[in-house]
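Hi,

Here is the structure I said I'd pass on. Have a look at it first, and my notes come after.

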Amino acid sequence: MGGSAVNDDWEFTKHEARTLVLLGRTGNGKSATGNSIIVKKEFTSKYSSSGVTSTCQLESAQLDDGLTINVIDNPGLFDFSGEPEVIGKEIIKCMDLAKDGIHAFLLVLSVRTWFSREEQAAVQSFQEFFGNRISDYMIVVFTGGDELEDSDETLDGYLGNDCPEETLKLCDNRKVLFDNKTKDPKKKDCQFKELLSLVNLVLEKNDGVPYTNELFKALQAMKVSSLFGDAEHEKTQATEPIPKYYEEKLTEKIKAAATISRLFRTAN
């Protein structure tokens with residue numbers, strides 16, 4: 001888009017903490033995975049077909065070596081079929097919480113369910129919204145490790161029967177198995193360390209810089225809470241008017257992602 005104030009190329013910034021964003025279908029165990037990562041129950045987690053997390057949420061934990069782990073659970077980032085205004089607000093919240101960029105996107109899948117066309121469509125729309133480079137920051141987290149253990153099956157063995165091959169290829173086969181029900185501290189520590197090693201691998205692949213873009217930075221530089229019209233908030237906060245361009249840019253990207261998702265779902 002010639003002459004635009006927003007560059008479609010993704011840019012990067014250095015930062016010490018690790019900020020991880022959870023993505024996944026309702027019921028796959030995103031919130032439980034978030035709790036396992038930060039080793040405390042901050043995200044509401046229970047089995048529900050309608051989902052539990054209803055809005056963007058960030059929780060943090062500090063490791064013994066001083067490294068801070070930030071985990072963002074955002075229901076709006078995986079489903080672009082809703083109202084653009086609602087999705088836009090959730091994306092803006094995520095932008096605001098991930099102030100210094102995102103170090104890894106964790107795509108949470110469950111070994112208890114088949115990799116559905118809905119999930120395939122969501123991955124396609126996610127790429128459409130964030131751009132192809134997003135795959136360089138993706139890690140697939142499979143939940144249900146307890147079920148595989150009970151059936152004496154390995155993750156690779158399971159994937160031989162039901163493998164989201166294109167998605168794994170997309171992220172260079174970066175994958176890890178999580179058992180969010182285990183009480184074994186050694187097992188908890190082992191799966192976390194395996195995930196952290198993949199996050200560090202992602203950072204190494206991307207020259208040590210997290211994922212962000214010009215649109216993220218432009219909105220963060222403003223009072224992003226007033227985008228899409230939070231009238232009550234605007235009455236109490238001294239905010240500068242946000243250029244209509246940014247709202248239109250975000251809505252345009254959301255609609256394009258929704259179109260890709262719809263076409264993929266209906267394709268033969």
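Below is what I found, starting with the overall picture and then going place by place.

First, the ground rules. This is a predicted model, so I kept to pLDDT of at least 70 for local features and 80 or more for side-chain atom pairs, while totals for chains, interfaces and linings use all residues. Numbering runs from 1 along each chain as its sequence is written, and side-chain values use heavy atoms, with hydrogens and water left out.

**Overall**

The protein has 10 helices and eight strands; these are DSSP runs numbered from the N terminus, with helices being H or I of at least four residues and strands being E of at least two. Of its 268 residues, 48% are buried. For the burial classes, buried is under 20% relative accessible area, exposed is over 50%, and partly exposed is in between, with a 1.4 Å probe and protein chains only. The protein exposes about 13600 Å², and carbon and sulfur atoms supply 47% of that. Those areas come from the Shrake-Rupley method with a 1.4 Å probe, and for residues only the protein chains shown count as cover.

Contacts here are heavy atoms within 4.5 Å. Among contacts in the protein with a separation of 6 or more, residues 24 or more positions apart account for 73%.

Thr19 sits in strand E2 (residues 18-23) and is buried at 6% relative accessible area. Its side chain makes a polar contact with the side chain of Asn70, at 3.3 Å. By polar contact I mean a pair of N or O atoms within 3.5 Å; within protein, one must be able to donate a hydrogen and the other to accept it, and residues adjacent in sequence count only if both atoms are side-chain atoms. Not counting residues up to four places away in sequence, Thr19 touches Asn70, Ile72, Ala98, Gly101, Ile102, His103 and Ala104.

Ala104 belongs to strand E5 (residues 104-110) and is buried, with a relative accessible area of 0%. With residues up to four places away in sequence again set aside, Ala104 touches Thr19, Leu20, Val21, Tyr137, Ile139 and Val199. For Ala104 and Leu20, the C-alpha atoms are 5.0 Å apart, although the two residues are 84 apart in sequence.

**Helix H1 and what follows**

Why is H1 (residues 30-38) described as largely enclosed by the rest of the structure? Because eight of its nine residues are buried. Those buried residues are Lys30, Ser31, Ala32, Thr33, Gly34, Asn35, Ile37 and Ile38.

Just after H1, Val39 takes a positive phi of about 60 degrees. Most residues other than glycine have a negative phi. Val39 lies in the loop between H1 and strand E3 (57-62) and is exposed, at 65% relative accessible area.

Asp172 also has a positive phi, about 55 degrees, although it is not a glycine. You'll find Asp172 in the loop between helix H6 (165-170) and strand E7 (175-178), where it counts as partly exposed at 48% relative accessibility.

Gln191 is in helix H7 (residues 185-205) and is buried, at 5% relative accessibility. A polar atom of the Gln191 side chain lies 2.9 Å from the backbone nitrogen of Asp179. Leaving aside neighbours within four places in sequence, Gln191 is in contact with Val176, Leu177, Phe178 and Asp179.

Over in helix H10 (residues 244-266) there is Glu252, partly exposed with a relative accessible area of 40%.

**Cavities**

How many cavities of 30 Å³ or more does the structure hold? It holds two. On a 1 Å grid over the protein atoms alone, a cavity is a set of points where a 1.4 Å probe fits but cannot get out, and lining residues have an atom within 4 Å of a point. Points are joined across faces, edges and corners, and a volume is the space filled by probe spheres set on them.

The largest cavity has about 60 Å³ of space. Its lining is made up of 12 residues, with Leu109, Ser110, Thr113, Phe115 and Tyr158 nearest the centre.

Cheers

Technical notes. On a 1 Å grid over the protein atoms alone, a cavity is a set of points where a 1.4 Å probe fits but cannot get out, and a pocket is an open set with protein on both sides within 12 Å along at least five of seven lines; lining residues have an atom within 4 Å of a point.
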